[in-house]
Amino acid sequence: MSEGMKPTLLAGAALLLVAAAPVKKDPPFASVQPELLGMPGSLSNAWADFDNDGDLDLAVSLKSGEIRLYRNDKGALTSIGAAMGLPAAGGEFRALSWGDFDADGWIDLLAGSSLPEKPTAVFHNKAGKGFENVAAEIGLTIPGRASRQNNWIDYDNDGDLDLYATNRMGPNQLFRNDGGKFVQVFADGGPTVFRSTVGACWLDYDKDGDIDLFLANQSGKADSLYRNDGSAFVDVAPQLGMDQPARSPEDGGVGCAVGDYDNDGNLDLFVPNYGHNTLWRGDGKGGFANTAQAMGVGLENHAVGAAWGDYDNDGFVDLSVMSYEGPPNQQTPLDSLFHNDGGKGFTNVLTKGGPLDAGDHGVVWVDYDRDGALDLSVTRGYSPVGGHFLFRNLLPKAQARQSLQVTVLDAKGRFTQQGAEVRVYAPGGKLLGTGQVSTGGGYGAQGATPVHFGLPATAKVNVEVTFMSASGRKAQTVRNVDVGAYAGKALVVRRAP
């Protein structure tokens, strides 16, 4: 072989290697009713069963001020918001959150205003027949607020839902629920803090029986983790190394998502950032370590929202992250779907510009058609091509059924246990997964939904629910749950009286 032939042969070999490389394919999902859902200016997406018929329904806020409500009838969505008394126009709402504030068994809808001159609205659910704005009557107009997230939580363990309202342009506020009326508390200290907060998550990080507050803060502000001491909230983020103090004014936290990515039983916290994402791995002793870079999710991006969900039912939660790129008025999605590789790392399985690269704001994993596979709900607000897209997961039927949904209720059957933890064990005692009844957290996204577990090749499990209480954490266990018996429905666990 002559020297002159070698470059040509090597180049040819390289071409063969390129040609033989596997082609990246997005996971199999199908767009649902795009002609109905493709509405520009879509902001918040929030899921709950407002009519108590067993199907999760969808509420979406638009820049026009409209709140769209889609009734879910066995997987078919019908727009009914205007007929149910929700606004069809007006100033925009950027945070929708479902919560049964009056504990009547019918979940209500709070819409946080993103305009300081426009009050927050609380739409009382009238037994699934319509909605009435009662914000002024119950003390939750929250004037002067630029809303991105609301948390319905029971911070004081008295049995009713309180409200935490983030504020992009002013101080956050915590409201205590007193018999269905609300009064601001801790007005002179944490968590009433002005840090340009966008996302807020509640979790019992120190395992003392009450839920604590993590804040994802924008505009270069430091993040916060407020330990709930009952009579006070104390920011422990600096001592735990979680405050991220050295940001530029353009960077910051935008949302947060609670999950257990490595199935060690401890809750972890992912924070999508303008800048590098962070993944705080909980050690079970009240400490956290940032594993984002080591796990492959520490991208430098313009990330907005994030949600954990085991989309392939392999037993490890995956991570969907909404991000965008481009100058103002020209932004385009740049999303990620990080597949969890057995708790050892993550691989982004989305292609740029692919069918699932469609959102730039809210993201929720939800099994809207009750087939056992998690579907993906996202919103896109920055483009004339915008919409609130729903993608149906096309897992094979047998694989979709390798899952269990757990709905956690209070002793009277009401959805008021946000922050409770759910763990699933094999009969021999091996932990198979940990989840939390969501308190909200991502930018403009929320759900009052079951906790989903992928459970491959598992016939029976034990389900443990840990409730918060004034006297510490209280665990209840349901044993020998036949996973197959719950295909198409959720296991319901009620809190013991």
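The structure holds 1 disulfide, the term denoting a pair of cysteine sulfur atoms within 2.5 Å. The analysis rests on a predicted model, in which local features need pLDDT of at least 70 and side-chain atom pairs count only at pLDDT 80 or more, while totals for chains, interfaces and linings use all residues. Residues are numbered from 1 along each chain as its sequence is written, and side-chain values use heavy atoms, with hydrogens and water left out.

The disulfide joins cysteine 201 to cysteine 256, with an S to S distance of 2.3 Å. The torsion about this S-S bond is about 115°, so the disulfide is right-handed. Cysteine 201 lies in strand S14 (residues 197-203), whereas cysteine 256 belongs to the loop between strand S18 (252-253) and S19; the pair therefore ties together parts that are 55 residues apart in sequence. Strands here are DSSP runs (E, at least two residues), numbered from the N terminus. Both cysteine 201 and cysteine 256 are buried, that is, under 20% relative accessible area with a 1.4 Å probe and protein chains only.

Strand S19 also takes part in an open sheet of 4 strands, ordered S19-S20-S22-S23 with antiparallel pairing; two strands pair if DSSP finds at least two bridges between them. Strand S19 (257-259) and strand S23 (288-290) stand at the edges with a single partner strand each, so one side of each is left without a neighbour in the sheet. Neighbouring strands of this sheet are turned by 20° against each other on average, direction ignored, the axes being lines fitted to C-alpha atoms. Strand S22 (residues 278-282) and S23 pair in the antiparallel sense over 3 bridges, and arginine 281 stands opposite alanine 289 in S23.

The largest cavity has a volume of about 90 Å³, a volume being the space filled by probe spheres set on the points. Of its 14 lining residues, Asp204, Tyr205, Lys207, Asn266 and Leu267 are the closest to its centre. This lining divides into 4 nonpolar, 5 polar and 5 charged residues, where Ala, Val, Leu, Ile, Met, Phe, Trp, Tyr, Cys and Pro count as nonpolar, Asp, Glu, Lys and Arg as charged, and the others as polar.

The second largest pocket has a volume of about 310 Å³. Its lining comprises 21 residues, of which Asp154, Gly159, Gln417, Met468 and Arg495 lie nearest its centre.

Methods:
On a 1 Å grid over the protein atoms alone, a cavity is a set of points where a 1.4 Å probe fits but cannot get out, and a pocket is an open set with protein on both sides within 12 Å along at least five of seven lines; lining residues have an atom within 4 Å of a point. Axes are lines fitted to C-alpha atoms, for helices over the stretch in contact, and angles run from 0 to 180 degrees between N-to-C directions. Buried means under 20% relative accessible area, exposed over 50%, partly exposed in between (1.4 Å probe, protein chains only).
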